[in-house]
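Here's a quick briefing on the fold, for anyone who wants the layout before opening the viewer. Have a look at the model, then come back for the notes.

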Amino acid sequence: MNCQAETGYAPTSLQHGFPACGEDGPAYVEPMTHVVKVCFCPSCYVRGAARILNVITGILGTGAGEISENGSYTLETVKRLGGCRSGPVIVVDDEYHFDVTIQKVREIFRRSEE
Ligand code: FES
């Protein structure tokens, strides 16, 4: 079974190169969805990460640890994205965004829909 092919989603552990067990043996998978990570460590949290997560949740219609209804986005909370002095920090796919504001979030997701 290839869970990504069947569900359109690969769990985070698989997206980072861990093998997926299947009938044909281990397989490495690439993410099919956009992966959005919101840092929830103390520095980002006190700088508004919870508010940013709420806005993203509203835009995507999904909560942390879930996949958006259209299957296009996976939303996660993570720790230590390495920009503590410039939080809140989010990563959309491999692109880092620092000093994230509600306005920036709206721009990021508007661009990603184009
Ligand atoms: S606390 Fe978020 S990047 Fe360090």
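**The fold at a glance**

The chain has five helices and five strands. Keep in mind that this is a predicted model. Going along the sequence, the elements come in the pattern α-α-β-α-α-β-β-β-β-α.

**Overall numbers**

- The chain has 114 residues, and 18% of them count as buried.
- Take the contacts between residues at least 6 apart in sequence: 50% of them join residues at least 24 apart.

**The sheet**

- Five strands make up an open sheet with mixed pairing, in the order β2-β3-β1-β4-β5.
- β2 (66-67) and β5 (95-97) sit at the edges with a single partner strand each, so one side of each has no neighbour in the sheet.
- The β2 and β3 pairing is antiparallel and runs over two bridges.
- If you want a residue pair to click on, Glu66 has Leu75 in β3 as its bridge partner.
- As background, strands of a sheet pair through backbone hydrogen bonds, in either a parallel or an antiparallel way.

**Helix α4**

- The buried residues in α4 are Ala49, Ile52, Leu53, Ile56 and Leu60.
- Looking down the axis of α4, those buried residues fall within an arc of 100°, so they line one face of the helix.
- Packed against the buried residues of α4 are β1 (34-39), α3 (42-46), β3 (73-78), β4 (90-92) and α5 (102-113).
- Relative to the sheet, α4 lies across β1, β3 and β4, and runs at about 155° to β1.

**The nonpolar core**

- The largest nonpolar core holds 16 residues, and Val38, Ile52 and Ile56 have the most contacts inside it.
- At least two residues of this core come from each of β1, α4 and β3.
- The biggest share is from α4, which gives five residues.
- Leaving out residues up to four places away in sequence, Val38 touches Ala49, Ile52, Leu53, Ile56, Thr77 and Ile90.

Note on methods. Residues are numbered from 1 along each chain as its sequence is written. This is a predicted model: local features need pLDDT of at least 70, side-chain atom pairs count only at pLDDT 80 or more; totals for chains, interfaces and linings use all residues. A residue is buried if 20 or more other C-beta atoms lie within 10 Å of its own, exposed if 12 or fewer, and partly exposed in between; C-beta atoms are placed from the backbone. Helices (H or I, at least four residues) and strands (E, at least two) are DSSP runs, numbered from the N terminus. The arc is that of the directions from the helix axis to the C-beta atoms. Two residues are in contact if their C-beta atoms, placed from the backbone, lie within 7 Å. A nonpolar core is a set of buried Ala, Val, Leu, Ile, Met, Phe, Trp, Tyr and Cys residues joined through C-beta atoms within 7 Å. Two strands pair if DSSP finds at least two bridges between them. Axes are lines fitted to C-alpha atoms, for helices over the stretch in contact, and angles run from 0 to 180 degrees between N-to-C directions.
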